[in-house]
Amino acid sequence: MYRKLYVSACILLGVIPAKASDKTEKRDKPNIIFILTDDQRWDALGYAGNKDIHTPEMDRLATDGIYFRNAFVTTPISAASRASILTGLYERTHGYTFGTGNLPDEYMEISYPVLLRQQGYQTAFFGKFGVEYPQAESIFDTAEIYDRDNDKGYYFKTIGKDTVHLTPYTGYLAQQYISGIPTDTPFCLSLSFSAPHAHDPAPEQYFWGEEAGKLYRDITIPAPLLAEDHYFQALPQEVRDGFNRVRWTWRYDTPEKYQYSLKGYYRMISEVDHEIGNIRRVLEEKGIAENTIIIFMGDNGYFLGERQLAGKWLMYENSLRVPLIIYDPRYRIHRDVEEAVLNIDIAPTLLDIASVKIPAIYQGISLCNYYQPEQETPRRNAILFEHLWDLPAIPSSEGVRTNEWKYFRYRFIDAPEELYNLKNDPLEIKNLATDPGYQKVLSDLRNQCDHFIKQYKDNRIKK
């Protein structure tokens, strides 16, 4: 019955599901570590081809594991994206973003930590939860939730007599947890680093430790692409006046601020990278590294000065595309995956790894099929993207992406539709929406967007 529901759901989503395999029903329960960074975009990673950033541990995970070249978030904003990661659902379905109140119980009840715990996994969470839910710590066996503080920024957690940066603090909690958990108990440890998110109230914006400050001193980071005035002027007035532009003035509006901010952003990612190395060392020392799967992802993309913008929120690739790596030591397989995968795929993947039934309501798919033997990999024909927060300073938008095309529109402002051929125009420069030669493509994608919107809205859990 479940398999039929899953296949039906995949067909509705435009996904070709994996064939049934000969995997046994009973497998050893591996340990899982899911690592999430805040605002790390897809190419802020050495393995992605970035020659400036220093990320040897992330690169090693990618080299030894499965690297997803085209990983995206369905909503390019942390609150909604994190709710989608937890629940395997689009924002249009779970309905959660900033300003909507708490994530409803009926959605938290199908979240991956709740289902894993019900099936005997020890669950733990350290770091930024990012979703309003008063009982958040109680859904885990072990948890400490924290984020940047408005007064002290990244320096407000203590170990002994020392006030420490949140990145090493999160790494410290992870190492303590791994060291103390019994080896005969499978666990799922979720680590959510606040880095490299800027600390907006502070003039410095980016905060890093002493050792990371030694990195990038002697380099000059190249200027951003699409930095010329005409790319900015081509944006809708509401975007030009909105938070994307305001934050650009905080971080990138002079060459000096740009170098400072980019180096700070990279330094904070390098600090997370260092903690990943420390965590892997503890796994080796405890003798459980060979049965511990590590998944690494960013919660949304980020503008680093392109189009004279900062932040995320918009439907361009800069803010939608994120790093995603799965390292499963049980399978000595390396692969670079070209197919599009999503943040809503994390929850079903974690459940599949643990041999836990995936709820039929989930809209994501398991990514285990990309590396486990005798599996047919899924393929998406089209993807919905959406940002539904009705805030004038961050114009709400929605759209559809295929391998070749990107279509999107703003929801509450008078702005033209946008259409880009991603194969010929990967930087999304030439808007083809008004070109007579592409009206059928425009109409088809507009209809596909409308279809997805109705489908995902109709999939909401009925109270």
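**View 1. Glu-306 sits in the loop between β10 (303-304) and β11 (310-311).** The model is predicted: local features need pLDDT of at least 70 and side-chain atom pairs count only at pLDDT 80 or more, while totals for chains, interfaces and linings use all residues. Residues are numbered from 1 along each chain as its sequence is written, and side-chain values use heavy atoms, with hydrogens and water left out. Strands (E, at least two residues) and helices (H or I, at least four) are DSSP runs, numbered from the N terminus. Glu-306 counts as buried because its relative accessibility is 7%; buried means under 20% relative accessible area, exposed over 50% and partly exposed in between, with a 1.4 Å probe and protein chains only. Its side chain makes a polar contact of 2.9 Å with the side chain of Arg-41. A polar contact is a pair of N or O atoms within 3.5 Å; within protein, one must be able to donate a hydrogen and the other to accept it, and residues adjacent in sequence count only if both atoms are side-chain atoms. Beyond four places in sequence, Glu-306 touches Arg-41, Pro-224, Leu-225, Leu-226 and Asn-318, where contact means heavy atoms within 4.5 Å.

**View 2. The largest pocket holds about 770 Å³ of space.** It is lined by 32 residues, and Arg-41, Trp-42, Asp-43, Leu-225 and Leu-427 are the closest to its centre. On a 1 Å grid over the protein atoms alone, a pocket is an open set of points where a 1.4 Å probe fits, with protein on both sides within 12 Å along at least five of seven lines; lining residues have an atom within 4 Å of a point. Grid points are joined across faces, edges and corners, and the volume is the space filled by probe spheres set on the points. The largest share of the lining, 3 residues, comes from α11.

**View 3. Helix α11 is mostly covered, with 23 of its 32 residues buried.** At 1.5 Å a residue the helix should span 46 Å, and its end C-alpha atoms are 47 Å apart, which agrees; the expected span is 1.5 Å times one less than the number of residues.

**View 4. Asp-345 lies in the loop between β15 (341-342) and α13 (346-353).** Asp-345 is buried, with a relative accessible area of 0%. Its side chain forms a polar contact of 2.7 Å with the side chain of Arg-380, and a polar atom of the Asp-345 side chain lies 2.8 Å from the backbone nitrogen of Ile-365.
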